[in-house]
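Trainee: I have just opened this entry and would like a guided tour. Could we begin with the overall fold and then turn to details?

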Amino acid sequence: WGFVHAVNWETNASTTPLSKQEAEHFRRRRGQLAAAGAPHSAQARLAAIEARGWLIVGDWRASQALLRVTLGSDPGPFADIMTRLTAALSAAWQGRPAEAFAHLERADELVIGDPHGYRNFAFDVVRSVVSLEAGRAAAGYRAAMAGLSWSSGVLPDLCEFLVPLAARALADQAEAARDGGMTEPADDLGGPLA
């Protein structure tokens, strides 16, 4: 576990976030961990983070292969949550909303209490993306705004995506209102971002 934590700190200090460089870094370190004979739960933790990296940079096949590794046996709670959130993003972006919501629901089940308390996971971003891809703009907006409403402490993971997601949700709602024959956006489209 010391190695896993060191890799995370090393990554935060020396690589560009959400980049191919970051994903490759996790791949190298995961290989070192495997060569050392580390247990599956430790390898799965790095694989789960790496899977998200590959998905974000557009290599969904590499991401899927890693998701299969982590979902193939009990990876432990951290890796399981990260894997479910990544699998939800992947399914949403591939047009499989039912599967995306199922993965998100399972991630929610794995936390104790409110998922918003787990700031090192991108629950709000994933919930917003999954909702938007499923055509549920109002739910996507609520999820993004929930992530933006932290009061103190650590910012939520991937928080830099929350404002663009909220804006997209508002635009989707405005477009739906326009296409429905309304000449002005609905009253509920205003709010903190308006």
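Mentor: The secondary structure of the protein comes to nine helices and zero strands, where helices (H or I, at least four residues) and strands (E, at least two) are DSSP runs numbered from the N terminus. This is a predicted model, in which local features need pLDDT of at least 70 and side-chain atom pairs count only at pLDDT 80 or more, while totals for chains, interfaces and linings use all residues. Residues are numbered from 1 along each chain as its sequence is written, and side-chain values use heavy atoms, with hydrogens and water left out.

Trainee: What share of the residues count as buried?

Mentor: Of the 194 residues, 44% do. Buried means under 20% relative accessible area, with exposed over 50% and partly exposed in between (1.4 Å probe, protein chains only).

Trainee: Which residues touch the most other members of the largest nonpolar core?

Mentor: They are Leu 85, Phe 121, Phe 123, Val 125 and Val 126, in a core of 44 residues. Such a core is a set of buried Ala, Val, Leu, Ile, Met, Phe, Trp, Tyr and Cys residues joined through side-chain atoms within 4.5 Å. Helix H5 gives the most to this core, with nine residues.

Trainee: What does Val 126 touch?

Mentor: Not counting residues up to four places away in sequence, Val 126 touches Leu 85, Ala 88, Leu 89 and Leu 104; contact means heavy atoms within 4.5 Å. A second, separate core has eight residues, including Ala 23 and Leu 67.

Trainee: Changing topic, where does Arg 45 lie?

Mentor: Arg 45 lies in helix H3, residues 40-57. Arg 45 is buried yet has no salt bridge, and the nearest side chain of opposite charge, Asp 157, is 12 Å away. A salt bridge is a side-chain nitrogen of Lys or Arg within 4 Å of a carboxyl oxygen of Asp or Glu. For charge, Lys and Arg count as positive and Asp and Glu as negative; His and the chain ends are not counted.

Trainee: And is Thr 15 buried or exposed?

Mentor: Thr 15 counts as buried because its relative accessibility is 13%. Thr 15 lies in the loop between H1 and H2.
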